[in-house]
Each structure stands twice: as structure tokens, then as C-alpha cells.
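I opened my notebook to go through cavities, cores and ring pairs in turn. The entries follow in the order I looked things up.

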Amino acid sequence: MSREFTVEAPDTRLRGVDTPGAEPPLLFLNGGFATRRSWRRVLARLGGTHRTVTFDARARGRSDTSADCSLRAAIDDVDRVIEATGLDRPILVGWSHGATIAVCCAAECPDLVGGLVLVDGAYPVSLLDEEERRRVRERFRRLGPVTPALALLGRSARMTPLEAADVVIGTDEVNGGLEADLAALRCPTAFVVGHGEHSGAPGRRTHTIRAAVAKAAARNDQVTVFGTTGSDQARVLTRDAGLVAAAIEDVAQRSMRPSIR
């Protein structure tokens, strides 16, 4: 039976759900402004075959607000959740912002991570120039008045417009430095590459993403492109839940091989 849990962290409290199942366990990392509920169709496709842990990041969903919504804090929170739930080398399944966090966690603590599934995110390239960063800040400034209502619907976070813009811009900056981290990964890793519109980089350069992911796969035989989709980033977990679930099962099988374990 699933159990709810809380994790104490500086300045906040995280809340999540731990559902029993077989190894390897799966830890899901949400998009930048999403909640754990975003994974429900993927979880349904998995059919209870694995132990799964989902949680709301700070200032999202049922977790408490925080004065620190940085990527650094998010990475540290993943370590806290792994420790609190006793997960043994979980596969990190990250979507968008969560995919970036997943790669950073595996790069910093390779012995704690059994594999990575990167859903429309963690592309090792920066997509935002200075003008595009300005547009991101302006877009979140305009959304400021409706953000509280969007947060209640699970479509935004309880952040100021500047904090929200910093999540997008900061993630893009970190992505620009992920090439070396992906090359050094020792765990099986699968990309699910999306080619639709990107909330952080409208009109993103699809050819640039494809080239960056192909290069990452060529440099490390642990890294593969499991599949591609034309869905936009907001809909990939609903329209392509089956594809994401299949990528998870692929990495789960690869992670259990003796050479990996």
C-alpha cells in the first residue's frame, strides 16, 4: 500500500508518496513548475511493476514554500528524499527541469544512482541568448497576477515572477555545461527527445538539440536516444506516457545487468 512521507529540509518541508513494488526503484523528478501528479499516466502505464517514489519539490504542490528554489537546493533535496525513503540506487526519471537535476545528481553521486531516464530535458546545450532571457523574465512578469491560481491547479509554483524566471534561465545555463557530465556517466541513460515547443525557449532550435543529444550518445555507450516525439513539452507525459514507460523499462533492465550493478 502506498504511504505518504515528509522530508525536512532547510527552510521547507517536502511531501511525497512511496508505493511498493519490485526493484529497481524509480524516483520521479518533476518539471520546473509541475507537481508529482504529472506522472499519473506514466505510472498507470507501468502498472505497479516497480517501487515508485514521487514528491513535490519545494514551493510546488503540497510541499512548503521556500526562499531558496535554486537548482542547488533541488539537487540536495533529491539526496534527502533518497535517504529518507531508503532507496537503493534508484532510477531517476526526470522531465524537463527534473531531467537536468537527474544528470547533476548522477554526476555528483554516481554510486547512489542506478540509471537515468531524461524526458524532454537535460539537453547539453544552452538555448537562451540575452534577448531570450529578457523575454523569459517579461513573460513571467506578465503571468504574475495569475500565478497563484495556476499554482492551485498544479500548473505553476508558489514563487515570485523573478524566482520563476530564474528557474528557467538557471536550468538553461546548467544545461550548457552538461556535455562533460553526460560523457562521464557510468549508469544506463535514455533520452526521450521532444521536438515540440519549449516553455523556456519558444521556437527552440530543434536541429541544435538533436545534434547535442547525438553527440552525447556517441561519446558514451551508456547514453542512448530511446525515442523521439513531436509532442510539446507540456503534453509529453500525457500524450507519450507509453513511450516514457517503455524507456523506463529499458533502463531498468539495463541497470540490473551484472556489468552495471
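**Entry 1: cavities**

How much space lies in the largest cavity? I read off about 140 Å³. I keep in mind that this is a predicted model. I found two cavities of 30 Å³ or more in the structure.

Next I looked up the lining of the largest cavity. It comprises 14 residues, and Asn30, Phe55, Ala57, Ala74 and Ile101 are the closest to the cavity centre. I then sorted the lining by class: seven residues are nonpolar, four polar and three charged.

Which elements each supply at least two residues of this lining? I noted β3 (22–29), α2 (71–85) and α3 (97–108). The most comes from α2, with three residues.

**Entry 2: nonpolar cores**

I turned to the largest nonpolar core, which has 40 residues. Leu27, Leu116, Leu118 and Phe191 have the most contacts inside this core. Elements that give two or more residues to it include the strands β1 (3–9), β4 (50–56), β6 (115–119) and β7 (189–194), and also the helix α8 (206–219).

What does Leu27 contact, leaving aside its neighbours within four places in sequence? I listed Val53, Phe55, Val78, Val81, Ile82, Leu87, Pro90, Ile91, Leu92 and Val93.

I also found another core, apart from the largest one. It has 22 residues, among them Trp95, Ala190, Leu237 and Val244.

**Entry 3: aromatic pairs**

How many aromatic pairs does the structure hold? I noted four.

I took Trp39 and Trp95 to begin with. Their ring centres are 6.5 Å apart and their planes stand at 80°, so I logged the pair as edge-to-face. Trp39 sits in the loop between β3 and α1 (40–46), and Trp95 in strand β5 (residues 91–95), so the pair ties together parts 56 residues apart in sequence. Buried or exposed? Trp39 and Trp95 are both buried. Ring pairs also link Phe28, Trp39 and Trp95 into a cluster.

Then I checked Tyr123 and Phe191. The centres of their rings are 6.2 Å apart and the planes are at 15°, so this pair is stacked. Tyr123 is in the loop between β6 and α4 (130–143), while Phe191 is in strand β7, so the pair ties together parts 68 residues apart in sequence. I marked both Tyr123 and Phe191 as buried.

Notes: Residues numbered from 1 in each chain as written. Predicted model: local features only at pLDDT ≥ 70, side-chain atom pairs only at ≥ 80, totals over all residues. Heavy atoms only, no water. 1 Å grid on protein atoms, 1.4 Å probe; cavity = no way out; pocket = protein on both sides within 12 Å on 5 of 7 lines; lining within 4 Å. Points joined across faces, edges and corners; volume = space filled by probe spheres on them. Helix = DSSP H or I, 4+ residues; strand = E, 2+ residues; numbered from the N terminus. Nonpolar A, V, L, I, M, F, W, Y, C, P; charged D, E, K, R; others polar. Core = buried A, V, L, I, M, F, W, Y, C linked by side-chain atoms within 4.5 Å. Buried < 20%, exposed > 50% of the residue type's maximum accessible area, 1.4 Å probe, protein only. Contact = heavy atoms within 4.5 Å. Phe/Tyr/Trp six-rings, centres within 6.5 Å; stacked < 30°, edge-to-face > 60°.
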